[in-house]
Protein chains: 2
Amino acid sequence: MLAAWAQGEPAESIPIDDRGLHYGDGLFETIGTSGGRARFLAAHLGRLARGCAVLGIPAPDESVLAREIARAAALAPHVIVKVIVTRGRALARGYAFTGAETPTRIVTAWPWPEGPLAARDPARVATAGRAGSTPLLAGIKHLNRLEQVLACEEARQRGLDEVILVGRDGGIIGGAMTNLFMYHDGQLATPRADRCAVAGVMRGQVLAAASRLGFAACERDLTVRDLAGAQALWLTNVRVGLWPIGNLAGRECAVHAWTQPLQRAIETGAGGARLA
Amino acid sequence: MLAAWAQGEPAESIPIDDRGLHYGDGLFETIGTSGGRARFLAAHLGRLARGCAVLGIPAPDESVLAREIARAAALAPHVIVKVIVTRGRALARGYAFTGAETPTRIVTAWPWPEGPLAARDPARVATAGRAGSTPLLAGIKHLNRLEQVLACEEARQRGLDEVILVGRDGGIIGGAMTNLFMYHDGQLATPRADRCAVAGVMRGQVLAAASRLGFAACERDLTVRDLAGAQALWLTNVRVGLWPIGNLAGRECAVHAWTQPLQRAIETGAGGARLA
């Protein structure tokens, strides 16, 4: 960790009775920076505000938080800025909150030496051994992330870059730390936001880039059958960008021709003209 | 909060990069005390150790932790001692852990003026409006508790003592902060541990007391139909003990004759002889 602030002040610790620790009662954002500036900031702040509304946590002032993120982003050309907002210190013991808590606002900066969209080998993935649970509070980026922690450990033990979480009903949730895209018969598809453990900022950027490029893309329920029949697959998050899957449970997957145009469109925010 | 310790030392804060805060990557126990001593200590320590094994967190030394719990329990005749064990400080950013983390061991003491099994009116409950998710890591008492936080808020808004969480498949999970027992045709029943959000220590005490008293009791899948057909219902946790439900979604429920014998058997650890 490069630096940390709580309530805007340099901090090394948080109160031992914070509800973020006790219940995971809060939200976070993982923001990539480039050239010392936060990328996709509006999307991050928007998702954080929506999450606060869902949990009934007063959202931080956007301009205050944006200044604090900018300060963290300025530490190096490429860092990961992690924002955490919790409901605050517990005013009483127990799950119930009173509504009078003061939210805790944490900003931390972490090394990200490779920066955005570094060249890397296509990902090696497989479906997770344990059935994914129905996403709790699907889409928002809350602090209850044990399922992701354990899935990442499974990936490590199996020598994979990522595992795909599948619900008990056979529906695809996504990667442990990524959203999933697949290509079949001329169309990109990704699970709907209400199936995702997190509706990723990069997932939104891919959908927007596809739209600008005129590539067909949709959000829909996807199953393990769709996964098996996909002609190409990608993982997305702010850190890995749009990362093609090269191997799915031992099956080699070709890197699709849309990969580079999408990556370029995400980087530049530009559309089809650039591809002419 | 009356007092707090981390790693055995008096503490007011924890490191800002603790994985308990960032991911809910840890476990807790809520222990009632009586006469300055922890109750059901072996059951709490056993569940904590099992949870540590599930999450791959090195379990704290039981004798060290027991001494720390005893110190907190001695603060007043009746307190709630809350133990939290997290995986420790993050050695890198991201969900994945390295296995080299040093677990964080937190003991806090909270007021519990009413003490165990205080006389109280039967509980007013109803089923929760939001479908409960498949319990993540069913049974163990991990720190991912947002669903419980929001369900408790729903109960408060509806003027209820508790809400019952029901899965999308119609299966009963239990109360937001309690386990659920029901009585039908001569038998107690409670959802199986793998359906519970937490396999409660008091739930175990009720099953053991029923066995000692010769009352039929079983763990099985229960549905909203079973709930509707139940002739009596109870909520259990360490704080409320065995709490009869007096009103379920507007339907008055009689307090069953087994209530007092079970409460007495839980308190004394004694069996049928005392009831002769």
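Me: In β3(B), which residue is the bridge partner of A:P15?
Reply: This is a predicted model, in which local features need pLDDT of at least 70, side-chain atom pairs count only at pLDDT 80 or more, and totals for chains, interfaces and linings use all residues. Residues are numbered from 1 along each chain as its sequence is written, while chains are lettered from A and ligands numbered from 1 in the order in which they are written. Strands are DSSP runs of E, at least two residues, numbered from the N terminus, and helices are runs of H or I, at least four. The partner of A:P15 in β3(B) is B:S13.

Me: Over how many bridges do β3(A) and β3 of chain B pair?
Reply: Strands pair if DSSP finds at least two bridges between them. β3(A) and strand β3 (residues 13–15) of chain B run in the antiparallel sense, and their bridges number three.

Me: Which element gives the most to the side of chain A that touches chain B?
Reply: Contact means C-beta atoms, placed from the backbone, within 7 Å. Chain A brings 45 residues and chain B brings 45 residues. Elements giving two or more residues on the chain A side include β1 (3–6), β6 (79–86) and α4 (146–157). With seven residues, the one that gives the most is α4(A).

Me: What is the mean pLDDT of chain A?
Reply: pLDDT is the predictor's confidence in each residue, from 0 to 100. Over residues 272–276 of chain A, pLDDT is below 50. In chain A, 97% of residues reach 70 or more, and the mean is 94.

Definitions and conventions
Two residues are in contact if their C-beta atoms, placed from the backbone, lie within 7 Å.
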